[in-house]
Amino acid sequence: MTNMTVPEGNLITPEIIGVRGTSSGNPAPETPLPKGHSVSPDYNLTPQTMCPAFGSLRVLTRIDGVQTAMVTDTGCLYGLTFVTHFYAARKSIAAPAFGTKELVAGNVAEAAIAACVEASKVPGTKLIAAISLCVAETAGLTEEMLPPQINGIDVILVRVPAYAIHSHPEAKDVAINAILKKYAPPRMETTAEGVEKPMTYDGSNAEEEELRRKVIMLGELFPADPISVDTVLKRLGSGLAATLPSRNLDDYKLARRVGAIAAVHPFYSGSVATLRAAGVPIITGAPVGPEASYNWIKAVGAALRLDPALTEQVASEEREKCRAILQRFSLKGRRIHVCGYEGNELLYARLLVEAGAEVPYISTSIQKSLYTAADEAWLKARGTREIVYQKTLEQDIRALDVYKPDLVLGTTPLSAEAKQRGIPAMYYTNMLSVRPLFLSAGLAGTIQLIQEALERAPRYEWMREFFEGPRAPEPQAAVMNTLD
Ligand code: SF4
């Protein structure tokens with residue numbers, strides 16, 4: 001066995017990397033790390049994500065009238081409440097005193113119920129969400145162990161152990177799906193042939209008629225996006241009924257009654273399955289860039305059975321507006337990497353490709369699914385070489401060496417690594433996901449931002465050279481005489 005002394009401050013040194021690499025069967029890196037770079041592209045040693053359950057907690061604590069009860073041990077509780085309050089949860093999170101003693105005694109359900117009872121005492125509570133994390137799930141907390149109501153308040157179980165839910169976008173889906181199952185379950189009817197099927201619409205009054213002509217968008221949106229989408233839909237005689245996730249519990253109750261659900265982000269697969277089972281038409285994809293905006297408006301028109309000529313006219317006009325913007329802000333000849341963990345990376349990549357950019361590498365934290373397939377096929381047909389799902393930081397760094405991009409839209413550590421190499425980089429979450437994206441209104445701001453970042457390239461190279469000196473010449477490819 002190898003003796004290893006951990007140096008002061010627990011630094012990960014090349015020696016430790018070597019020992020870990022050998023013990024796991026991987027060869028030690030043959031080439032030393034580039035000067036000044038902190039991440040080894042050969043080992044997945046960095047923490048890849050924070051606790052994914054944060055996605056559920058963040059969505060649930062933002063809904064008015066929802067109180068959360070976190071069924072977990074003290075360590076998880078500390079970290080998760082810290083970040084939730086960092087993101088301005090502004091409400092208490094109930095939690096049981098849950099340690100080894102309670103686990104050994106098998107008191108998981110009792111502990112969960114006690115926390116829910118505490119949550120029910122908060123004035124104005126309409127729904128209690130019991131969030132079951134790794135420890136409680138491993139110990140075995142099932143839906144049947146929780147009462148459907150406590151003190152007259154509905155209780156839902158949100159199961160988000162990290163060994164089953166790998167990213168925080170997917171944990172958001174688990175939370176939304178749990179609410180939809182409670183408030184938008186299918187209403188069943190039996191046909192004349194004796195077949196039971198979901199009844200989506202009973203046509204009982206004018207309000208139902210109006211809702212049936214509207215759409216709910218499912219996906220976390222920048223506030224300006226629903227406004228521009230609603231404006232375009234109103235031209236078709238439709239409109240947005242709500243967006244989910246919403247702060248208003250009543251919006252979740254509308255989901256079964258609208259004419260269609262537009263699932264604009266691909267990771268809401270559980271929620272989509274629940275609504276599909278309830279008989280609600282689902283529109284996938286999102287209105288980003290000329291082609292996708294055109295297709296999306298046409299899909300809404302078809303799902304709601306709107307006037308085909310008017311739909312074609314509005315869709316064509318929006319496509320032309322997008323094309324006009326792209327003519328002003330072309331990204332032709334630029335190579336860009338899109339590496340986020342939000343789950344909407346394929347949408348941004350489509351936008352860049354339509355603007356003329358080359359996007360050889362895309363990575364995301366979510367898993368590949370039926371709902372990523374169309375965008376993946378579209379991108380690969382237009383030159384994208386790699387799309388990495390459930391990615392690691394090290395894969396993103398290896399891709400920098402392989403494709404040598406002009407700009408990186410990446411996570412914090414990847415953006416830092418790119419800047420150290422003199423490559424312009426933007427932090428995906430803070431710079432991109434906080435801007436409008438949809439239709440021509442969203443396109444203009446996003447493309448302009450990216451073009452400005454590309455123009456700053458000389459400054460990044462100047463900074464790199466300031467710290468590291470002139471760049472070593474690239475090794476020349478060996479000349480091979482194929483006539484020998
Ligand atoms: S043990 Fe599980 S629930 Fe707790 S912080 Fe880690 S990943 Fe999250």
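Two strands count as paired if DSSP finds at least two bridges between them. In this predicted model, strand 3 and strand 5 (residues 153-159) are joined by six bridges and run parallel.

**View A. Overview of the protein.** The predicted model contains 20 helices and 16 strands. The protein has 484 residues, of which 42% count as buried. Among contacts with a separation of 6 or more, 69% are between residues 24 or more positions apart.

**View B. The open sheet with strand order 2-1-3-5-4.** Five strands make up this open sheet, and their pairing is mixed. Its edges are strand 2 (93-94) and strand 4 (149-150), each of which pairs on one side only. Strand 1 (residues 66-71) runs parallel to strand 3 (residues 127-132), and six bridges join the two. Within that pair of strands, V66 has L127 as its bridge partner, and T68 has A129. L127 also has a bridge partner in strand 5, namely D154.

**View C. Burial of strand 3.** How many of the six residues of strand 3 are buried? Six of the six are, so strand 3 is largely enclosed by the rest of the structure. The side chains divide between two directions: L127, A129 and I131 point one way, while I128, A130 and S132 point the other way. Residues of both sets are buried. A130 is also one of the residues with the most contacts inside the largest nonpolar core.

**View D. The largest nonpolar core, which has 129 residues.** Which residues have the most contacts inside this core? They are A69, V71, A112 and A130. Setting aside residues up to four places away in sequence, A112 touches A69, V71 and A130, and also P96, A136, L141 and L146.

**View E. C76 in helix 3 (residues 74-86).** Is C76 buried or exposed? C76 is buried, because 21 other C-beta atoms lie within 10 Å and the cut-off for a buried residue is 20 or more. Apart from neighbours within four places in sequence, C76 is in contact with C51, L133 and C134. C76 and A53 are 23 residues apart in sequence, and their C-alpha atoms are 9.8 Å apart in space.

**View F. T190 in strand 6 (residues 187-190).** T190 is exposed, because 10 other C-beta atoms lie within 10 Å and a residue with 12 or fewer counts as exposed. Apart from neighbours within four places in sequence, T190 is in contact with V195 and E196.

**View G. Helix 9 (residues 224-235) and what covers its buried residues.** Helix 9 has 12 residues, which at 1.5 Å a residue should span 16 Å; its end C-alpha atoms are 18 Å apart, which agrees. Which residues of helix 9 are buried? They are D225, V229, V232 and L233. These residues cover an arc of only 100° around the axis, which puts them on the same side of helix 9. The elements covering them include two strands, strand 8 (215-218) and strand 9 (240-244). Helix 12 (289-304), helix 13 (308-328) and helix 19 (439-455) are also among the covering elements. Just after helix 9, G237 takes a positive phi of about 85°.

**View H. The open sheet with strand order 14-13-12-15-16.** This open sheet has five strands, and the pairing is parallel. Strand 14 (386-388) and strand 16 (425-427) are the edge strands, each pairing on one side only. From one strand to the next, the twist averages 10°. Two bridges join strand 12 (residues 336-339) to strand 13 (residues 361-363), and these strands run parallel. Opposite C339 stands S363, in strand 13.

Key: Residues numbered from 1 in each chain as written. Predicted model: local features only at pLDDT ≥ 70, side-chain atom pairs only at ≥ 80, totals over all residues. Helix = DSSP H or I, 4+ residues; strand = E, 2+ residues; numbered from the N terminus. Expected span 1.5 Å × (residues − 1). Arc of directions from axis to C-beta. Contact = placed C-beta atoms within 7 Å. Core = buried A, V, L, I, M, F, W, Y, C linked by C-beta atoms within 7 Å. Axes fitted to C-alpha atoms, helices over the stretch in contact; angles between N-to-C directions.
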